[in-house]
Amino acid sequence: MARIAGVNLPTNKRVIVALQYIHGIGEHAANAIVTKLNLPMERRVSQLTDAEVLQIREMIDREHTVEGDLRRETAQNVKRLMDLGCYRGLRHRRGLPVRGQRTHTNARTRKGPAKAIAGKKK
């Protein structure tokens with residue numbers, strides 16, 4: 001089993017698909033890694049040699065920000081916005097949509113379940 005960037009890659013999948021299990025590597029980056037290392041597109045993780053796994057690991061360390069570092073960087077960016085007190089930071093702080101979506105209706109993913117309004121008793 002190949003372990004890259006702290007993630008165990010599934011052995012029965014193709015390398016391009018398995019690399020996408022690493023946070024920060026998508027389809028485009030996985031394709032770029034495989035083509036740069038001249039690996040066949042059909043190659044599965046179980047067929048990789050130790051040298052190839054080492055090459056992949058070194059390339060990811062050199063050229064990509066992944067897993068913990070990427071999560072930490074993203075969290076710092078959000079925290080910076082919140083500390084600045086800018087509009088986007090306030091939206092993050094309140095747990096509301098950040099990118100201009102409507103909130104009168106919808107937005108239930110960010111706002112959570114609907115709260116009942118205390119109505120008049122008849």
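This is a predicted model: local features need pLDDT of at least 70, side-chain atom pairs count only at pLDDT 80 or more; totals for chains, interfaces and linings use all residues.
Aspartate 69 belongs to helix 4, which covers residues 67-84. Its C-alpha atom is separated by 9.7 Å from that of glycine 24, a residue 45 positions away along the chain.

Aspartate 69 takes part in a salt bridge with arginine 72, in which the closest N and O atoms are 2.9 Å apart. Both residues lie in helix 4, and the three residues of separation amount to about one turn of the helix. Arginine 72 is likewise classed as partly exposed, because its relative accessibility is 48%.

## Other salt bridges

Side chains of opposite charge can pair when their charged atoms come close. Over the whole structure, a search finds six salt bridges. One of them joins lysine 79 to aspartate 83, with an N to O distance of 3.0 Å. These two residues are four positions apart in helix 4, so about one helical turn separates them. Aspartate 83 is exposed, with a relative accessible area of 55%.

## Glutamate 67, a buried residue of helix 4

Is glutamate 67 buried or exposed? With a relative accessible area of 16%, glutamate 67 falls under the 20% limit and is therefore buried. Glutamate 67 is found in helix 4. When neighbours within four places in sequence are left aside, glutamate 67 is in contact with Ala5, Val7, Tyr21, Ile22 and His23.

## The nonpolar core

In soluble globular proteins, nonpolar side chains tend to be buried together. In this model, the largest nonpolar core has 23 residues. The residues with the most contacts inside this core are Leu9, Leu19, Ile22, Ile25, Ile56 and Ile60. Helix 1 (15-19), helix 2 (27-36) and helix 3 (50-63) are the elements that give two or more residues to the core.

Which residues does isoleucine 25 touch, if those up to four places away in sequence are not counted? Isoleucine 25 touches Leu19, Gln20, Ala30, Ile33, Ile60 and Val66.

## Two residues with positive phi

Alanine 5 has a phi near 55 degrees, a positive value in a residue other than glycine. This alanine lies in the loop between strand 1 and strand 2 (7-8). At 31% relative accessibility, alanine 5 counts as partly exposed.

Asparagine 106 also has a positive phi, near 65 degrees, and is a residue other than glycine. The loop that holds asparagine 106 runs between helix 5 (87-94) and helix 6 (108-111). Asparagine 106 counts as exposed, at 55% relative accessibility.

## The structure as a whole

The secondary structure of the protein comes to six helices and two strands. From the N terminus on, these elements run β-β-α-α-α-α-α-α.

What radius of gyration would a compact globule of 122 residues have, and what does the protein have? The globule would have a value near 14 Å, but the protein has 22 Å. Along its principal axes, the C-alpha trace spans about 75 × 35 × 20 Å. Of the 122 residues, 30% count as buried. Among contacts with a separation of 6 or more, 42% are between residues 24 or more positions apart.

Technical notes:
Residues are numbered from 1 along each chain as its sequence is written. Side-chain values use heavy atoms; hydrogens and water are left out. A salt bridge is a side-chain nitrogen of Lys or Arg within 4 Å of a carboxyl oxygen of Asp or Glu. Buried means under 20% relative accessible area, exposed over 50%, partly exposed in between (1.4 Å probe, protein chains only). A nonpolar core is a set of buried Ala, Val, Leu, Ile, Met, Phe, Trp, Tyr and Cys residues joined through side-chain atoms within 4.5 Å. Contact means heavy atoms within 4.5 Å. The radius of gyration is taken over C-alpha atoms; the globule rule is 2.2 Å times the number of residues to the power 0.38.
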